[in-house]
Amino acid sequence: MTATPSSVLDRVLVLEMVRVTEAAAIACLPLVGRGDEKAADAAAVEAMRAALNELDMDGTVVIGEGERDEAPMLFIGEKVGTGNGPAIDIALDPLEGTTICATAGPNSLAVLAIAEKGGLLNAPDVYMDKIAVGPGYPEGIIDLDRSPTENVCAVAKAKGVDPRDIIVCVLDRPRHEAMIAELRAVGCGVMLIGDGDVAGVIATTNPDTTIDIYMGSGGAPEGVLACAALRCVGGQFKGRLLFRNDDERGRAAKWGVTDLDKQYDLTELARGDCIFAATGVTDGSLLEGVKRKGGMMTTESVVMRASSGTVRWVKGEHRQG
């Protein structure tokens, strides 16, 4: 379904979103491979916040670094921008893949999505069970109420291949051991990633990655960010919030989540027109990372818009100092 163009988002230049993610990625460069996750994340948060506050908008962080008592900056509910422009909801992850950045692994990103007020699910900072595929499949091809085997076989049938030809991307976590064993029993390939499930979901939309399905649990905020990207380029996503204790259930109630077992569709997580932007921090399947070249730094970014289906790849050169 094509989103209706938003006059509100027309007032926020798409390239301004790229400048914000570029600022966060560049701030991480001195900390890539230095083993300090907290320092890298703090640098990205500070740079992204400063860049957002230069924009003429009345922005509210609906997905950020956590609740106010846990995050000093870019917390859920924080106001950003000059306050003089349109009301905008913002979902962000200044450093998607903090461990990746600290170890100089692949697919660390600075990520941001914006929509009109009310356009992004105000997801609590809990886990989410997720499954995603790229564009071109019949609606309803995936479902969290089906087993991993059933989902793989459904996608394989729609694609006209054997299940053994399907590649599933999964976060390499102990909680996924049973699912990984089931997938391998089916015979499909399993691509394990250490972190960065936003990039993992988006990879399903790019045939060059060879990834057909993303499957498994990860952060709910990252699920909403990934959905904003899928709204722009196509694909299907299902998500269900996972709660480990009463504290997490209470957190969900605080943000207006009443049906704790609901299976969310793509358009319930990211509605209407939205813009997604990402800049590579380290090299990955989606983007190249930040690099020093002489007296310059280079960046690679992508920015997408749901209403137009436009995807722009942006190469940047930035003077140091």
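In which sense do strands β6 and β7 pair, and over how many bridges? The legends below take up this point and others in a predicted model, in which local features need pLDDT of at least 70, side-chain atom pairs count only at pLDDT 80 or more, and totals for chains, interfaces and linings use all residues. Residues are numbered from 1 along each chain as its sequence is written, and side-chain values use heavy atoms, without hydrogens and water.

**View 1. Strand β6 and its partner β7.** Strands β6 (residues 167-171) and β7 (residues 189-193) are parallel and share five bridges; strands are DSSP runs of E of at least two residues and helices runs of H or I of at least four, numbered from the N terminus, and pairing requires at least two DSSP bridges. Val170 has Leu192 of β7 as its bridge partner. Four of the five residues of β6 are buried, that is, under 20% relative accessible area with a 1.4 Å probe, protein chains only.

**View 2. Strand β6 beside β8.** Strand β8 (residues 213-219) runs parallel to β6, with two bridges between them. Cys169 has Tyr214 of β8 as its bridge partner.

**View 3. Lys262 over Tyr264.** The charged end of Lys262 lies over the Tyr264 ring, 5.4 Å from the ring centre; the criterion is NZ of Lys or CZ of Arg within 6 Å of the centre and within 35 degrees of the ring normal.

Note on methods. Buried means under 20% relative accessible area, exposed over 50%, partly exposed in between (1.4 Å probe, protein chains only).
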